[in-house]
Amino acid sequence: MVLTVRGEQALAWGALAAGVRFVTGYPGTPSKGIFTALQRLRTERNAPITFHWANNEKVALELAIGATLAGLPALVCVKSVGMNVLLDALMTVNLSGVSAPLVIALGDDPSAWTSQNEQDTRWLAFMSELPLLEPTYVHNAPQLMHKAFSLSAQIELPVIVRFPKAFAVAEASLEVDPTSLPLINFPKRPSLPSIASGGIAVAQHAALHEKLRWVEQRFNASPFNTVKGDAPVAVLSVGFCATKVQEVLSRVGDFSDRVRLLVLATTLPLPRQWLAEQLQKVASVLVVEEGEPIVETQMRALAHEFRLPCVVKGKGTGDLPREGEVTLRRIGRALRAIVEIAPEVVEALPDPERPKDFTLRFCEGCPFPPFLDTLVQLCREQGKEPIVAADPGCAIVAMGKPYELVRIKHSMGGAVNFIAALAKMERNSQRRYIALVGDSDFFHGAFLGILNASAWKAPMAVIIVDNGGAAFTGGQPHLGSSFDADGNFVAPIPMERLLEAANIPVKVASSFDARGIRQGLQWVLGYCHELRVLIVREPCPFVPVWTAEGLKPKRTEGKIVGE
């Protein structure tokens with residue numbers, strides 16, 4: 001069987017072959033593609049997999065831990081900033097362990113193509129002291145994901161598989177039929193008790209370190225780490241950078257006879273013995289990795305420990321920039337320092353950059369513009385300056401023209417808290433303090449902020465745009481949607497009832513009801529000394545809706561905003 005697949009699909013094949021039974025996460029790019037690919041594979045292969053989009057990443061990881069307690073191999077799909085959210089749970093399960101395999105598929109986003117920041121989330125793997133694998137090529141990604149589940153079963157700990165967006169969308173043909181990979185067998189040890197406690201934390205920590213030493217010995221012989229050539233200068237490619245280096249070589253001319261090419265897929269723990277053996281007779285090594293110089297820094301310590309003669313180059317020495325994605329041109333420029341390449345050949349290599357100007361606009365039929373137009377008009381009529389904070393999602397389009405309305409935007413659930421403190425401390429009567437919240441974000445993190453701001457008596461307006469699903473990331477369901485991850489009908493949780501139960505003043509309006517939305521906005525902007533909430537309820541044209549015939553998308557083409 002020959003399959004042409006994307007990187008995210010290749011990882012999904014590996015998880016399927018390993019026997020994953022529970023898949024959860026929170027939608028984001030890059031990571032949601034593994035979730036949706038597994039959903040398609042379940043249908044095609046009639047696999048007994050349960051899917052669930054959690055309301056945030058911490059909940060997702062805790063659900064996955066619970067699934068392992070039931071003896072079910074689990075997969076958690078999150079992006080970089082989502083890993084930040086689940087860290088609290090991760091920093092205890094690394095000690096308590098898991099009774100069935102648990103893998104975290106972590107999508108990083110160098111250059112922040114679809115994220116609010118650029119971070120190297122591998123630091124959290126080091127903080128949690130959990131094994132970290134980075135796929136190098138799409139064609140053997142199923143085997144690497146399969147190995148992650150197998151390793152998790154062996155050491156009874158979560159294992160992290162980290163990949164950048166470029167890997168998720170890259171395509172290749174699978175050389176090995178993923179269905180030929182063996183189903184992972186794991187010992188049926190007692191799942192309970194599962195406890196993280198100060199009384200046993202030190203002993204658990206020592207056991208974790210012992211497991212990592214065992215993993216390092218296995219990584220020293222990992223088939224995913226490869227070497228080619230025996231030249232006195234070397235390039236060490238980490239993760240998907242191996243594919244990029246290979247692409248550079250295909251474009252500028254193969255000089256592998258002059259350069260030793262090392263490929264590293266096992267980042268934590270580092271296979272120190274293997275690396276030391278490969279670099280014994282190397283004068284210099286260029287480390288190519290996405291994100292921060294994490295491997296590069298370790299290589300300097302390793303060179304000192306093993307008294308290697310090589311000079312370590314990379315981002316720490318300025319041979320590669322620390323900011324932005326590692327592009328082919330950047331790799332080519334770094335290679336010119338160790339081998340002879342014509343400069344015009346290097347400068348012809350692709351070097352995609354994120355657009356510097358804000359170019360997002362709302363999709364056709366979007367419910368945002370009608371209420372934003374009315375909001376801007378009312379603030380002008382009242383002579384008030386709108387101070388608007390928004391969370392990640394479609395609302396960020398209002399940062400640009402023609403609105404230029406959103407002036408604070410950071411993390412999921414943060415808008416309410418930023419505005420609450422600003423309104424409470426500043427109390428400028430010429431301003432209207434407004435938190436703009438998405439419906440998925442309401443359940444993710446904003447709800448607790450609203451409760452806190454209300455109890456704190458912050459004078460502010462909260463506007464929740466209820467589109468029926470996570471519109472920005474593809475219409476995935478949340479707790480207020482009428483469907484679940486499998487497209488089955490579920491009774492939605494009305495946000496207004498939760499707010500009413502907390503005695504928070506709340507009204508509901510439709511953005512396409514001109515009179516109703518104007519009245520609703522007038523009311524919420526007249527908050528005086530209390531917090532008020534207006535829910536603007538109008539489905540996104542691209543979010544599935546429940547009909548008598550089942551779940552159907554309203555529109556499938558023409559989406560502009562989102563991932």
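Trainee: How many bridges join strand β17 to β18?

Mentor: This is a predicted model, in which local features need pLDDT of at least 70, side-chain atom pairs count only at pLDDT 80 or more, and totals for chains, interfaces and linings use all residues. Residues are numbered from 1 along each chain as its sequence is written, and side-chain values use heavy atoms, with hydrogens and water left out. Strands (E, at least two residues) and helices (H or I, at least four) are DSSP runs numbered from the N terminus, and two strands pair if DSSP finds at least two bridges between them. Strand β17 (residues 431-438) and β18 run parallel, and the number of bridges joining them is five.

Trainee: Through which helix does the chain cross from β17 to β18?

Mentor: The β-α-β crossover is right-handed: with the strands pointing away from the viewer, the path from the first strand over the helix to the second runs clockwise. Residues 439-455 form the helix on this path, α16.

Trainee: Which residue in β20 is the bridge partner of aspartate 466?

Mentor: β18 pairs with strand β20 (residues 531-537) as well, in the parallel sense and over seven bridges. In β20, the partner of aspartate 466 is arginine 537.

Trainee: How many residues of strand β18 are buried?

Mentor: Buried means under 20% relative accessible area, exposed over 50%, and partly exposed in between (1.4 Å probe, protein chains only). In a regular strand the side chains alternate between the two faces of the sheet. Met460, Val462, Ile464 and Asp466 point one way from β18, while Ala461, Ile463 and Val465 point the other way. Of the seven residues in β18, the number buried is seven.

Trainee: Why does isoleucine 463 count as buried?

Mentor: Contact here means heavy atoms within 4.5 Å. Leaving aside neighbours within four places in sequence, isoleucine 463 is in contact with residues including Phe371, Ile434, Leu521 and Val536. Isoleucine 463 counts as buried because its relative accessibility is 0%.

Trainee: Is cysteine 528 buried or exposed?

Mentor: Cysteine 528 lies in the loop between α18 (514-525) and β20. Its phi is positive, near 55 degrees, and most residues other than glycine have a negative phi. Because its relative accessibility is 56%, cysteine 528 counts as exposed.

Trainee: What is omega for the peptide bond from lysine 401 to proline 402?

Mentor: Proline 402 lies in the loop between β15 (385-390) and β16 (406-409). The bond from lysine 401 to proline 402 is cis, with omega near 5 degrees.
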